[in-house]
Amino acid sequence: MSRTYHELIAAIDHFRTQLTAWQETGLVTPTQRERITDVYNKWAAELVPDVDYTSVLPPARLCAPEHQVLETERRNLVFAEQEVRRQASQERLTMVQAQSLVADVRRKLAEVEKTLNYTAAPVEGTPPSEAPPGRSLMEYLLDPRSLQALMITGGALLMLGLVIWLWSVGVFENPIVVACSMAAVNLGVLAGGAALVRYTRYQTAGRAMTLLACLALPLNLWFYDAQDLISIRKGEPLWVPALVCCAIYAGIARLLKDAKFVYALVAGVAMTGLLFLADDAVDRFWSVLGPSTFLVLLGAICIHVERLFHTGEGPFNRANFGRAFFIAGHVAMGAGLAVLLGGRLVGDFYETVFAQYLEHAPKVSTVIGSKLTALLLALLGTYTYAYSQIVVSPTSRRYAWSSVLALVWSEVILLDLLNVPATESLWLIVMASTGLLAYIATSFWSRTTEEVDPMGTALGSVGALCTAIASLWGTVALVRGLLVPVSSEAGFLLDPLYAIAMTMTAGAAMMAARVARQRGLGDHAKVWMQAAAIPAMAVVATGATMAGVESLALLLPILLLVPIAMEVAGRFGRGDGPLADLSYAGYAATMFLLTVSIAAVTGITGEVMVADNYTLAAFYAAAAGLLMAGSLRQKTLLPAVAAGLSGCAAVWQLLTAVGLAEYSAIVAASVVGLGVMAIGRRKQEADQPTHLLTTLGASLVTLGAGGGLLMTLGRVLGDNAEWGLVTLAAGQAIAAVIASVLTKSKDWKTTSRTLAGLHVLAGVLVANMMLGLSMWERGELILVAAGTLLLAAGHIRWKREGEIRDPAVDLHIFAGSLLVAIPLTIGMLAQRIGDYHPVWTVVPNEVGALLAGLALLGAGVVCRMRATTFVGATVTTVWVLSLVTLVNLQLQNASVYMMIGGGAFFAVAVMLSIYRDRLLALPEKVRNREGLFGVLDWR
């Protein structure tokens with residue numbers, strides 16, 4: 001006897017002992033232990049003592065002789081781990097059980113290896129132990145999964161090669177012999193595989209052979225029909241051998257106790273039924289209703305058969321065979337409903353698409369009886385999917401979705417059966433009613449029991465989808481009905497069916513909000529209440545249009561009554577109650593109306609009359625009050641912004657109505673902004689939080705000021721300036737100054753003052769263009785004005801800068817001094833020396849240069865500013881020295897000029913000789929900042 005034979009027998013005994021221990025701890029069931037033990041008993045009985053089983057056993061490691069027992073224990077544990085995995089692959093153990101058993105084995109293995117590593121020192125003269133080798137090629141090859149893959153591949157190639165060979169040698173010329181041979185081989189392989197599974201340990205090979213034989217059984221039926229032995233075309237009963245195949249499938253499944261054969265059984269039954277429908281006596285195979293009815297009924301039966309299996313231990317329990325019937329039934333039902341849907345679609349599009357391919361449309365879309373049958377099949381699918389969700393798989397949602405989709409389809413078939421025209425409003429009714437019914441069912445299940453709460457959740461998801469689609473679709477339809485003429489292709493008629501659909505949509509959305517609040521989802525409830533607002537307005541809009549209201553400007557105030565009513569109802573709500581959510585719905589509806597009103601004020605829906613301006617002004621004013629009240633109550637920014645814009649629109653429409661349309665939008669923004677800031681200032685005095693009002697008002701003033709600047713700039717660039725722009729700039733500048741007084745924010749004060757200065761500059765620029773000045777004169781005015789502003793800003797910042805020096809002050813002072821001084825000085829010199837005659841008199845340049853020089857010099861000395869001092873002194877000096885040009889000396893000959901030049905050189909030389917010592921000491925005084933040069937230390 002070989003040594004490995006005894007080692008393998010010991011390993012098998014160890015594994016059986018482990019199974020007994022695992023049964024006692026509850027890791028495996030008694031049935032599982034008995035089945036697995038029988039397998040190893042058979043294996044141990046089949047072992048041959050003289051055969052070497054080294055490849056089956058784990059590799060051995062070198063260790064000290066006194067630790068040989070521990071090494072044997074280690075190898076037995078490794079063997080136990082690999083056998084656990086093998087039993088899991090053959091489905092005798094579940095994956096969860098396998099993981100638990102492997103964890104237990106590895107824990108024991110770690111303890112053994114720790115002892116070996118700690119005590120197994122190498123014996124003198126014994127070679128050091130080597131690292132355990134990896135799995136050999138033979139082990140990979142003999143792995144059960146490898147063997148299964150090889151067998152499946154080989155079997156498929158064998159069957160394919162057999163068919164090809166038989167065809168190539170002409171055996172098919174004798175069909176009866178071939179049919180008998182095929183049946184004999186098929187049944188032989190089937191019986192051999194079943195025997196291997198039943199009586200040997202070669203489970204993988206046996207199951208592969210059996211499954212291959214089952215898959216080959218339908219080839220016999222195909223051969224009978226192809227060789228006219230039992231032909232479908234002749235109406236012969238091919239369903240009889242198909243029924244035999246089904247019996248074989250059922251027997252194999254019962255014999256081998258393997259749920260995989262359930263799928264083959266159901267497929268065989270389906271194939272048999274279809275062959276029966278193809279019988280000439282029945283002749284229903286090519287009709288849509290025949291196959292679809294059979295498959296749907298087969299699927300429903302298989303799904304309900306799942307309940308017939310028990311829930312205890314054993315192979316024929318509900319989790320094993322029952323689940324297989326359940327899944328196979330859903331596959332059959334899905335196939336049947338798909339065939340039915342395909343027939344309906346072909347019938348609906350027969351005239352446009354399929355008329356050239358088919359002689360007539362399927363009866364399922366034309367005959368009333370067939371339509372009724374299709375409705376019953378769709379309802380059966382609805383019930384079966386709902387049954388699967390509630391009874392069989394309550395934690396899953398896919399069957400609930402399928403049930404609702406089947407219900408929607410049933411509604412479509414019912415409408416077709418009733419011969420109701422499929423209009424857009426009708427589809428809206430279908431979607432809205434489905435969402436409403438889904439939420440009613442959700443509320444019912446949530447109230448009755450918690451065991452089917454997943455079903456309620458799934459129905460809630462379906463209801464949410466249908467309600468959201470109906471709401472969005474209805475909103476688009478409302479916009480089309482309000483803005484697009486009905487005669488247009490994109491138009492939509494607001495009819496009673498649409499009102500019914502929107503009523504259902506609003507009810508579904510409110511039910512969704514109720515369900516969300518019951519589940520503690522307050523934010524979701526608010527969203528659904530907002531989704532209910534627009535459908536409610538759609539109902540009112542439909543009623544108003546049917547009553548004869550055609551003008552959008554008149555319709556908007558009527559629709560605004562809905563948000564106002566919601567806000568009033570929301571006032572009665574406390575905290576986060578259901579009524580409080582109506583306020584959010586009112587805000588959403590109001591913002592929707594503001595968006596739609598753009599079409600009215602821009603003339604998209606028709607010419608805007610004066611009466612429309614007054615109506616729109618009232619609408620915008622009411623919307624602004626509604627949104628502002630809600631914003632202050634809930635401290636939210638978006639309604640406040642919308643309220644400000646709506647207030648601007650109200651003033652804009654009012655100004656347009658009284659004839660001030662040109663600048664009305666800009667003036668409206670500034671006026672409303674100042675009003676909001678004034679309200680905020682009063683509330684601030686009353687110790688109420690006003691950050692929202694202040695920010696909104698300042699933003700509106702900034703918006704109006706920015707719009708005015710852009711308008712002015714556009715008119716200037718387009719050479720289209722007018723005196724009205726000067727008035728606008730003055731008004732905007734005054735508004736900006738008032739805003740800087742009303743706000744206490746430094747940032748807004750700075751922004752407002754900057755805007756005021758820019759508007760002053762813009763007004764000067766426009767006035768400059770209107771006066772008809774030359775380019776030089778315009779430039780002179782602009783530069784002097786800009787320099788004056790920079791000087792004023794620089795001195796203000798200098799006064800406030802404190803101990804930390806502000807670099808912006810130096811820039812403002814220096815640039816402002818140059819911008820004021822240079823244009824005036826050049827203009828003064830041009831008038832005195834050249835032939836420059838401006839539109840104005842000579843006084844502005846003459847007096848302006850002198851005043852500018854003296855003012856800069858005085859400001860520099862007082863404030864100790866170096867830039868203004870130097871620039872002012874320079875301008876004053878140039879003004880004084882250039883006075884000589886005003887004396888008419890009539891020096892017209894060279895001698896006079898020579899005398900003047902000579903006298904000048906002589907005077908310079910005399911002055912240099914007199915002040916030579918002082919001039920030599922001048923650099924030192926400059927460096928030491930002595931005397932007059934102390935001004936260099938000024939800022």
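1. Helix H27 gives the largest share of the lining of the second largest pocket, 10 residues, where helices are DSSP runs (H or I, at least four residues) numbered from the N terminus. A pocket here is an open set of points on a 1 Å grid over the protein atoms alone, where a 1.4 Å probe fits, with protein on both sides within 12 Å along at least five of seven lines, and lining residues have an atom within 4 Å of a point.

2. This is a predicted model, in which local features need pLDDT of at least 70 and side-chain atom pairs count only at pLDDT 80 or more, while totals for chains, interfaces and linings use all residues. Residues are numbered from 1 along each chain as its sequence is written, and side-chain values use heavy atoms, with hydrogens and water left out.

3. The second largest pocket has a volume of about 770 Å³, a volume being the space filled by probe spheres set on the grid points, which are joined across faces, edges and corners. Of its 21 lining residues, Thr750, Arg753, Thr754, Ala793 and Ile796 are the closest to the centre. Helix H26 (723–742), helix H27 (746–770) and helix H28 (775–800) are the elements that each give two or more residues to this lining.

4. Threonine 475 is found in helix H17 (residues 453–483), and it counts as buried because its relative accessibility is 15%, buried meaning under 20% relative accessible area (1.4 Å probe, protein chains only). Leaving aside residues up to four places away in sequence, threonine 475 touches Ile534 and Phe592, with contact meaning heavy atoms within 4.5 Å.

5. Just after H19, glycine 548 takes a positive phi of about 110 degrees.

Conventions: Buried means under 20% relative accessible area, exposed over 50%, partly exposed in between (1.4 Å probe, protein chains only).
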